[in-house]
Amino acid sequence: MGKSLFEKVWNAHAVRQLVNGQTQLLIGTHLIHEVTSPQAFGMLRDRDLKVQYPHRTFATVDHIVPTNESVEPYSDPLAQGMIEELRKNCADNNVTFFDTNTGKQGVVHIVGPEQGITQPGTTIACGDSHTATHGAFGAIAFGIGTSQVRDVLATQTIALNELKVRRINVNGTLPPGVYAKDVVLHIIRLLGTQGGTGYAYEYAGTTFDKFTMEERMTVCNMSIEGGARVGYVNPDETTFEYLNGRPYSPKGAAWDAAVEQWKSFASDADCTFDDEVDIDASQIQPTVTWGITPGQGVGIEESIPAISDAPTQSERDSVAEALEYMQFEGGSPIKGKKIDVAFIGSCTNGRLSDFQEVAKYVKGHKVAEGVQAIIVPGSQVVAKIAEDLGLDKIFIEAGFEWRAAGCSMCLAMNPDKLVGDQLCASSSNRNFKGRQGSPTGRTMLMSPIMVAAAAVTGEVSDARNVFGFASAEV
Amino acid sequence: MSSTPIKKVTGKGVFVPGDDIDTDRIIPARFMKCITFDGLGEYLFRDVRKTESGEEKKHNLNDPRFAEASILVSGNNFGCGSSREHAPQSILRAGYNAVIAGSFAEIFFGNSTNLGVVCVIASDTDRKIITSEIEKQPELDITIDVENHKIWYGDQSVPCEIKPGARDSLLSGNYDPLDELLVGAGGVSKTAGALPYMQA
């Protein structure tokens, strides 16, 4: 019987079985950033251990970098301390650091792929739960804690339990105005925030076959929001075309050999999965979250659920808690909620194609009075290309702020934060209580186009109407 | 590093109600601007416990009756969200060494186990029994018997689940895997040697 990509990559990286039954798994590529690595380097120093494979760890700085000041020292001394600590740890241990002066710095999950570090058939770990992003290339990529960052630095391995595999088939054509972000919000709404616990998600079907690498990354990125630590797409010509010529991609004869090997990692046609789910792409709507978990989403034409709609007491409690926090009325339409802030960026939607798509539609529109709208490129590379294309001018003309690369308002570790109970239309990945920096701040997750529509109308709106999508069926 | 085996955890309990208690709730990201884990205990559940201006909210975690607690009892999907080890570190550093929940998010579970924070699963019904007992008698000792899959409250008990691998690690004191991983170095270079992308 055939094997899945997950099994093949796992087997190629399994070193041995540990006493407790876990596998000692080789981590081929280790990505680090300033938040979850300093304590790990400290633990190494405490035990007088060295970084075993320094050429397989790559660093960048993203969470704490301000997006509106570039001169150090930063106004926040804690942020300055963290970037300096990372600089020192990388220098002391011969680790490559894509620092702010390299033109390559950015959100770790955007930097890895664009540098060609992220490759099919590899294992990738990073002290960040959105590491599954790299699974878009057919890698087994997942988030780890700081003690495991230490383990990877010291041994290039971690102790891990093997996962089951659920294949999610999405077939058909997405309606106009429906994007990869809507696909993943739809999947999480369908399978729940803990539906993926214990699973790796294999995303497949004709919709994924047609997706660009950036679209695949958007979906894989949010696997963890559905409970799945790992999410991946089998590598194909789209993958190879994306990687060809990138700085860390193999060159010449090594490239041809690599492509042959990468192809061999794809799931076999006759392999079986622990579970399979089928989704019809044509049924997916622009999706917006109304609550405090990424699973609490509805289509733009739908209403927010009422407490009484939930079947069990614990679900009724969850809906009630979410409605109270969000200051929404159960049963009211999602459309028309007045927003204060619009944020486009993050490791979910901070790539060039996100900005190109938004620029195409916001041209000629203006951000609504009273709305703060910011657009934050995911990396310096993305920023440079976007600026060369003149996208920044389109955004600024429309009333958006165009910022420097970083995690920005996704997670509140830098100056970009909500204030009080501001409501934010956000292209990021988490709508948890307080996630965007204010303990009472409110987040609604949606695609970049839907954020842009909310920005120019001042309220949650159907982007297909706002921007006049030609063949929209609404 | 081999540590003391953890066969049982005994302490007083406190109920943190809600499903999907995410790691941003356990420790908001704005308190993670640090290069060590020292002092993180102070920020555990910061926004659950306090208002923006620092006044205490009405919550079990602020209730003096539960001030001695060292075991958290909560809902389903506890620890979802970020992979930040800051979350279990802050739990540990605030004086808690076990969590009883309906289920756990995977990364949080792994991070906690590595630190020796015991995470066990109990059914909705059984957690209700425990939380109502805690509410009635906050001074009641709760004992998680890792070996025998039981949670004792007074002289009564309910069953609990713990993943076999985690259970073995806690019982043997090998929950921090680093020493065992270091021993495997020979095998690592062999596995790495067979993979072209691993070559320098």
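In the predicted model, the contact between the chains draws on 65 residues of chain A and on 54 residues of chain B. On the side of chain A that touches chain B, at least two residues each come from helix H1 (5–13), strand E1 (14–17), strand E2 (23–26), helix H2 (38–46), helix H3 (77–92), helix H5 (146–155), strand E8 (157–160) and helix H11 (313–326) of chain A. Among these elements, H5(A) makes the greatest contribution, supplying six residues to the side of chain A that touches chain B. By residue class, this side of chain A is made up of 34 polar, 20 nonpolar and 11 charged residues.

In chain B, seven strands are arranged as an open sheet with mixed pairing, and their order is E4-E3-E2-E1-E5-E6-E7. The edges of this sheet are formed by strand E4 (118–121) and strand E7 (156–159) of chain B, each of which pairs on one side only. From one strand to the next, the twist averages 35 degrees. Within the sheet, strand E5 (residues 142–145) and strand E6 (residues 150–153) of chain B run antiparallel to each other and are paired over four bridges; in this pairing, B:Ile144 is placed opposite B:Ile151 of E6(B).

A helix-helix contact in chain A involves helix H13 (residues 352–362) and helix H16 (residues 448–457), whose axes come within 9 Å and cross at roughly 35 degrees. The crossing of H13(A) past H16(A) is right-handed. From H13(A), the residues taking part are A:Asp354, A:Glu357, A:Val358, A:Tyr361 and A:Val362, and they meet A:Pro448, A:Ile449, A:Ala452 and A:Val456 of H16(A).

Although A:Glu321 and A:Ile307 are separated by 14 residues in sequence, their C-alpha atoms are 9.6 Å apart in space.

Several features of the backbone geometry are also noted. Most residues other than glycine have a negative phi, and most peptide bonds are trans. In chain A, however, a cis peptide bond, with omega about 0 degrees, joins A:Glu72 and A:Pro73, and A:Pro73 is located in the loop between strand E4 (57–60) and H3 of chain A. A positive phi, near 55 degrees, is found at A:Asp48, which is a residue other than glycine. A:Asp48 belongs to the loop between H2 and E4 of chain A, and A:Asp48 counts as exposed because 6 other C-beta atoms lie within 10 Å. A:Gln327, likewise not a glycine, has a positive phi of about 60 degrees and is placed in the loop between H11 and strand E15 (341–344) of chain A. For A:Gln327, 11 other C-beta atoms lie within 10 Å, and therefore A:Gln327 is exposed, since the class takes in residues with 12 or fewer such atoms.

How values were computed:
Residues numbered from 1 in each chain as written. Chains lettered and ligands numbered in written order. Predicted model: local features only at pLDDT ≥ 70, side-chain atom pairs only at ≥ 80, totals over all residues. Contact = placed C-beta atoms within 7 Å. Nonpolar A, V, L, I, M, F, W, Y, C, P; charged D, E, K, R; others polar. Pairing = 2+ DSSP bridges. Axes fitted to C-alpha atoms, helices over the stretch in contact; angles between N-to-C directions. Left-handed = near helix turned anticlockwise from the far one by under 90°. Buried ≥ 20, exposed ≤ 12 C-beta atoms within 10 Å, placed from the backbone.
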